[in-house]
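User: I have a new structure here and would like a quick tour. Can we start with a loop and work outwards?

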Amino acid sequence: MSGPDPCQLRVILGSTRPVRAGEPVARWVFETIQQRHDVAAEFIDLAEVNLPFLDEPRQPSDGDYQHEHTRRWSAMIEPVDAVILVIPEYNHSFNAATKNALDFLYHEWRYKAVGIVCYGGGARGTRAAQHLKPVLSALRMIHVGDVAVGLSEVDVTEGRLEPPARLQHQLGVLLDEAVRLTPHLRQLRQVGPGGQ
Ligand SMILES: Cc1cc2nc3c(=O)[nH]c(=O)nc-3n(C[C@H](O)[C@H](O)[C@H](O)COP(=O)(O)O)c2cc1C
């Protein structure tokens, strides 16, 4: 007997800098998910997606994309149920590459579950997460939780993050919630686009 379709999830690494602290954070998230049978995950690195600053002549809500890079990005997000945005805190907010990548699309984000894994110094990236939430709300994404990683509080050995049990538990709770909402959000998306 086969179970329900697994939640199709993408872990999106938002930092595009070379030698990013975000890479071990995002890898930890991805490897945690790979141990679950109820989630099918892929890793998306915004540095590889390599979007320019938003250069579409039409509004993203029109869904009429002129550029191949936008169509490619749309095709990466359109089929998924959920995303986890792994974001750094830059100047008390989240980074521009993440905002740009979100702004490029519209309907593709709608009624998708979204978890935030933020990281940074003393505030553990929480100011970035707080700035991101109204953006997700404008896109009608459904927030399923935050995990805040203090970079001075975690060990990274050979590129692998060794999380404290508290963070591992929080990530598990976030993923459980994304899985729990998945069938309900699939139903909502079937109804078709709403107003702006
Ligand atoms: C432009 C910039 C601004 C930063 N501003 C903050 C900040 O406001 N709060 C904070 O905790 N860390 C801040 N930092 C430190 C970052 O949290 C740290 O450099 C982290 O490694 C950035 O993530 P990344 O390496 O994945 O890009 C900033 C770093 C950069 C590059």
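Analyst: Tyr 111 lies in the loop between α4 (96–103) and β5. Helices (H or I, at least four residues) and strands (E, at least two) are DSSP runs, numbered from the N terminus. This is a predicted model: local features need pLDDT of at least 70, side-chain atom pairs count only at pLDDT 80 or more, and totals for chains, interfaces and linings use all residues. Residue numbers start from 1 along each chain, as its sequence is written.

User: Is Tyr 111 buried or exposed?

Analyst: Tyr 111 counts as buried, because 20 C-beta neighbours lie inside 10 Å. The cut-offs: 20 or more other C-beta atoms within 10 Å of its own is buried, 12 or fewer is exposed, in between is partly exposed, with C-beta atoms placed from the backbone. Tyr 111 also has a positive phi of about 55 degrees, although it is not a glycine.

User: What about Asn 50, where does it sit?

Analyst: Asn 50 is in the loop between α2 (46–49) and α3 (68–77). Its phi is positive too, about 55 degrees, and it is not a glycine. Asn 50 counts as exposed, because it has 12 C-beta neighbours inside 10 Å.

User: Switching to the ligand. Which residues are closest?

Analyst: Ala 21, Gly 22, Pro 88, Gly 120 and Gly 121 are the closest, out of 13 residues that surround the ligand. A residue counts as near if its C-beta atom, placed from the backbone, lies within 6 Å of the molecule or strand.

User: Which element gives the largest share of that shell?

Analyst: Strand β3 (residues 82–90), with three residues. By class, the shell has four nonpolar, six polar and three charged residues. Here Ala, Val, Leu, Ile, Met, Phe, Trp, Tyr, Cys and Pro are nonpolar, Asp, Glu, Lys and Arg are charged, and the others, Gly among them, are polar.

User: Now α6. Where does it bend?

Analyst: At Thr 182, by about 45 degrees, and a proline, Pro 183, follows within four residues. The bend is the angle between axes fitted to the seven residues ending there and the seven starting there.

User: What is its span?

Analyst: The end C-alpha atoms of helix α6 (residues 165–190) are 38 Å apart, and its 26 residues should span 38 Å at 1.5 Å a residue, so the two agree. The expected span is 1.5 Å times one less than the number of residues.

User: Which residues of α6 are buried?

Analyst: Among them are Leu 167, Leu 171, Ala 178, Val 179 and Thr 182. The cover over the buried residues of α6 includes β1 (7–13), α1 (22–34) and β2 (39–45).

User: And α5, which residues are buried there?

Analyst: Ala 128, Ala 129 and Leu 132. Leu 132 is also where α5 bends, by about 25 degrees, with Pro 134 following within four residues.

User: Zoom out. How many helices and strands are there?

Analyst: The chain has six helices and eight strands. Of its 196 residues, 36% count as buried. Its C-alpha trace spans about 45 × 45 × 25 Å along the principal axes.

Key: Two residues are in contact if their C-beta atoms, placed from the backbone, lie within 7 Å.
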